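Student: I have just opened this entry and would like a short tour. Could we begin with how far it can be trusted?

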Amino acid sequence: MDNPEHLPGPEDDVIVIKGRSDTDYWCQRFSISPFTLCHLLKTVGNSTSQIVDFLHKHQGKALDNFRDPVKNISIL
């Protein structure tokens, strides 16, 4: 059985940025830019599971928009 000292806790689901290496790590892990990471942290919060959910939802919407051709709109 797992030792209680080694069980993942709620703090393991939190993104903490203390320097450039932390930013690089999370950007690489999520395949996003530092700007996008900052925007996500401000918008969604610092929970990795919430950020992953947000990225999956928006990735699905982007794929749906990609499949639907853009209709030409003319302004008279």
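**Confidence, core and one threonine**

Tutor: This is a predicted model, and over residues 6-10 its pLDDT stays under 50. For residues 6-10 the model has one contact beyond four places in sequence.

Student: How should one treat places where pLDDT is low?

Tutor: Where pLDDT is low, the predicted coordinates should not be read in detail.

Student: And what is the mean pLDDT of the chain?

Tutor: The chain has a mean pLDDT of 77, with 62% of its residues at 70 or more.

Student: New topic: which residues form the largest nonpolar core?

Tutor: Eight residues make up that core: Ile-15, Trp-26, Cys-27, Phe-30, Ile-32, Leu-37, Leu-40 and Ile-51. At least two of the core residues come from each of helix 1 (20-30) and helix 2 (34-43).

Student: Which helix gives the largest share?

Tutor: Helix 1 does, with three residues.

Student: What is Ile-51 in contact with, leaving aside neighbours within four places in sequence?

Tutor: With those neighbours set aside, Ile-51 contacts Ile-15, Phe-30, Leu-40, Leu-41, Val-44 and Gly-45.

Student: Now Thr-48: where is its place?

Tutor: Thr-48 belongs to helix 3, which covers residues 48-67.

Student: Is Thr-48 buried or exposed?

Tutor: Thr-48 is buried, because its relative accessible area is 8%, and the cut-off for buried is under 20%.

Student: What does its side chain make a polar contact with?

Tutor: The partner is the side chain of Asp-13, at 2.4 Å. Beyond four places in sequence, Thr-48 is in contact with Asp-13, Ile-15, Trp-26 and Phe-30.

Terms used. Residues are numbered from 1 along each chain as its sequence is written. This is a predicted model: local features need pLDDT of at least 70, side-chain atom pairs count only at pLDDT 80 or more; totals for chains, interfaces and linings use all residues. Side-chain values use heavy atoms; hydrogens and water are left out. Helices (H or I, at least four residues) and strands (E, at least two) are DSSP runs, numbered from the N terminus. Buried means under 20% relative accessible area, exposed over 50%, partly exposed in between (1.4 Å probe, protein chains only). A polar contact is a pair of N or O atoms within 3.5 Å; within protein, one must be able to donate a hydrogen and the other to accept it, and residues adjacent in sequence count only if both atoms are side-chain atoms. Contact means heavy atoms within 4.5 Å. A nonpolar core is a set of buried Ala, Val, Leu, Ile, Met, Phe, Trp, Tyr and Cys residues joined through side-chain atoms within 4.5 Å. pLDDT is the predictor's confidence in each residue, from 0 to 100.
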